[in-house]
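Let's take a walk through this fold together. Please have the sequence and the 3D view open as you read.

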Amino acid sequence: MGLTPNEETDDERFMRLALEEARRCLYHGDVPIGAVVTRTGEVLAAAGNQRELAADPTAHAEILALRAAAAAIGSWRLEGCTLTVTLEPCAMCAGAVVLSRLDRLVFGAADPKAGFAGSLENLVQDPRLNHTVAITDGVLAEECGDLLRAFFQERR
């Protein structure tokens with residue numbers, strides 16, 4: 001099933017918000033990854049990585065955004081929601097995507113070293129699990145990848 005032009009426009013619009021969250025990570029030395037959770041065109045939550053800031057290995061942008069979205073709607077079940085994230089989710093975050101019962105995952109840059117939404121494995125669409133999630137990948141991928149490349153280039 002293809003996306004309508006409005007959904008494509010929304011994907012880019014929400015990815016731009018995720019990129020804003022990612023850029024905020026630069027102020028506290030975290031890898032610039034941003035995530036936004038939406039439902040029917042409304043932003044429920046947005047977050048950027050905070051592993052360094054919070055000294056918490058689970059403080060990935062996706063986890064923080066999912067927690068905030070669940071709090072906003074008063075349920076851990078995020079049915080009808082979409083997670084938009086600048087980088088393909090890792091195994092932990094892909095697991096959280098499935099467990100939160102999201103409808104869709106939208107991501108920008110693929111992560112060939114740690115991605116679990118198609119690169120290394122595809123946890124979010126594994127038919128052995130009790131829930132699968134639709135994926136739209138490559139949304140503003142170049143811009144998302146450029147931000148990450150610049151961050152790591154400065155570190156070398």
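Which residue with a positive phi follows H4? That residue is Arg101, with phi near 65°.

## About the model

This is a predicted model, in which local features need pLDDT of at least 70, side-chain atom pairs count only at pLDDT 80 or more, and totals for chains, interfaces and linings use all residues. Residues are numbered from 1 along each chain as its sequence is written, and side-chain values use heavy atoms, with hydrogens and water left out.

Helices (H or I, at least four residues) and strands (E, at least two) are DSSP runs, numbered from the N terminus.

## The sheet

Five strands make up an open sheet with mixed pairing, in the order S2-S1-S3-S4-S5. At its edges are strand S2 (42-48) and strand S5 (134-137), each pairing on one side only; two strands pair if DSSP finds at least two bridges between them. On average, neighbouring strands of this sheet are turned by 15° against each other, direction ignored. Axes here are lines fitted to C-alpha atoms, for helices over the stretch in contact, and angles run from 0 to 180 degrees between N-to-C directions.

Strands of a sheet pair through backbone hydrogen bonds, either parallel or antiparallel. Strand S4 (residues 104-109) and S5 run parallel and are joined by four bridges. Opposite Val106 you will find Thr136 in S5.

## Helices on and around the sheet

H3 packs on the sheet and touches strand S1 (34-39), S2 and S3; contact means heavy atoms within 4.5 Å. The direction of H3 makes about 145° with that of S2. Helix H5 (residues 141-155) also packs on the sheet, where it touches S3 and S4, and its direction makes about 60° with that of S4.

Now to helix H4 (residues 91-99): Cys93, Ala94, Gly95, Ala96, Val97 and Val98 are buried there. Buried means under 20% relative accessible area, exposed over 50%, and partly exposed in between (1.4 Å probe, protein chains only). The cover over these H4 residues includes helix H3 (61-73) and strand S3 (81-87).

## Two loop residues with positive phi

Most residues other than glycine have a negative phi. Ala55, a residue other than glycine, has a positive phi near 50°. Ala55 sits in the loop between helix H2 (51-54) and H3. Is Ala55 buried or exposed? Its relative accessibility is 69%, so Ala55 counts as exposed.

Leu140 is not a glycine either, yet its phi is positive, about 50°. Leu140 belongs to the loop between S5 and H5, and Leu140 counts as buried because its relative accessibility is 17%.
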